[in-house]
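Here is a short note for someone opening this entry for the first time. Please read it with the sequence and the coordinates at hand.

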Amino acid sequence: MEIIGKNHQAKKAWLLEIAQKIITKEPFLDEKSRKIIFEEISLLLRSEGFLELFDGKIYCEVELKDSKHNRLQRIDLLIEKDKEVIIIDYKSDDNTKEIPQIYLEQLRSYKSSVQLIYPQKQIKTAIFWLKNLKLNIVE
């Protein structure tokens with residue numbers, strides 16, 4: 001996702017080619033898993049929300065200190081726009097109907113830390129479900 005995020009304006013065919021190369025090199029994946037992952041990436045790149053998702057300044061794997069507990073956090077994707085910042089956490093399960101409380105707490109913690117960096121911007125949080133390629137705006 002980091003490569004896709006940072007290169008979101010590149011041609012989709014190129015992104016698919018890069019994804020295929022990366023997936024092929026992963027020794028822990030069997031052929032069936034490689035095919036499933038590639039199909040999911042293909043669906044993402046063809047989805048209507050793809051360009052909207054990656055519109056703005058893209059920061060991947062952002063490390064911050066938790067503003068309350070002074071511990072390291074890693075935000076999967078942070079998108080900085082003119083008036084807002086969107087924090088996106090990737091999840092590989094498919095709890096799209098009822099988001100687990102631990103995920104909500106994690107996003108609140110991210111939001112609190114990011115608000116200190118961008119006090120003038122609205123901070124939104126979301127979960128991007130990798131399994132079904134859905135984006136849920138949470139807060």
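The points below go from the whole chain to single residues.

1. Basis. This is a predicted model, in which local features need pLDDT of at least 70 and side-chain atom pairs count only at pLDDT 80 or more, while totals for chains, interfaces and linings use all residues. Residues are numbered from 1 along each chain as its sequence is written, and side-chain values use heavy atoms, with hydrogens and water left out.

2. Elements. The protein chain has 5 helices and 5 strands. Helices (H or I, at least four residues) and strands (E, at least two) are DSSP runs, numbered from the N terminus. Read from the N terminus, their order is α-α-α-α-β-β-β-α-β-β.

3. Overall size. The radius of gyration of the protein chain is 16 Å, close to the 14 Å that the globule rule gives for 139 residues, so the chain is as compact as a globular protein of that length. The radius is taken over C-alpha atoms, and the rule is 2.2 Å times the number of residues to the power 0.38. Along the principal axes, the C-alpha trace spans about 45 × 30 × 25 Å.

4. Burial and surface. Of the 139 residues in the protein chain, 37% are buried. Buried means under 20% relative accessible area, exposed over 50%, and partly exposed in between (1.4 Å probe, protein chains only). The accessible surface of the chain comes to about 8,800 Å², and 52% of that belongs to carbon and sulfur atoms. Accessible areas come from the Shrake-Rupley method with a 1.4 Å probe; for residues, only the protein chains shown count as cover.

5. Contacts along the sequence. Among contacts in the protein chain with a separation of 6 or more, 54% are between residues 24 or more positions apart. Contact means heavy atoms within 4.5 Å.

6. Aromatic pairs. How many aromatic pairs does the structure hold? There are 2. Rings of Phe, Tyr and Trp (its six-membered ring) pair if their centres lie within 6.5 Å; planes under 30 degrees apart count as stacked, over 60 as edge-to-face and the rest as tilted. The ring centres of Y90 and F128 are 6.4 Å apart and the planes stand at 75 degrees, so this pair is edge-to-face. Y90 is in strand β3 (residues 84–91) and F128 in strand β4 (residues 122–129), so the pair links distant parts of the chain, 38 residues apart. Both Y90 and F128 are buried.

7. The second pair. Y103 and W129 form a tilted pair, with 6.2 Å centre to centre and 45 degrees between the planes. Y103 belongs to helix α5 (residues 101–117) and W129 to strand β4, so the pair ties together parts 26 residues apart in sequence. Y103 is buried at a relative accessible area of 16%, and W129 is buried at 0%.

8. Strand β1. Y59 is in strand β1 (residues 57–65) and is partly exposed, with a relative accessible area of 34%. Leaving out residues up to four places away in sequence, Y59 touches D76, L77, L78, E80 and Y118. E61 also lies in strand β1. This residue has a positive phi of about 55 degrees although it is not a glycine, and E61 is partly exposed at 34% relative accessible area.

9. Strand β3. Is I86 buried or exposed? At 11% relative accessibility, I86 counts as buried. I86 lies in strand β3, and apart from neighbours within four places in sequence, I86 is in contact with L77, L78, I79, K81 and K124.

10. Two lysines. K11 is in the loop between α1 (2–6) and α2 (12–25) and is exposed, at 69% relative accessibility. K11 and L45 are 34 residues apart in sequence and 9.9 Å apart in space, C-alpha to C-alpha. K21 is in helix α2 and counts as partly exposed, at 47% relative accessibility. K21 and Q122 are 101 residues apart in sequence, with 38 Å from C-alpha to C-alpha.
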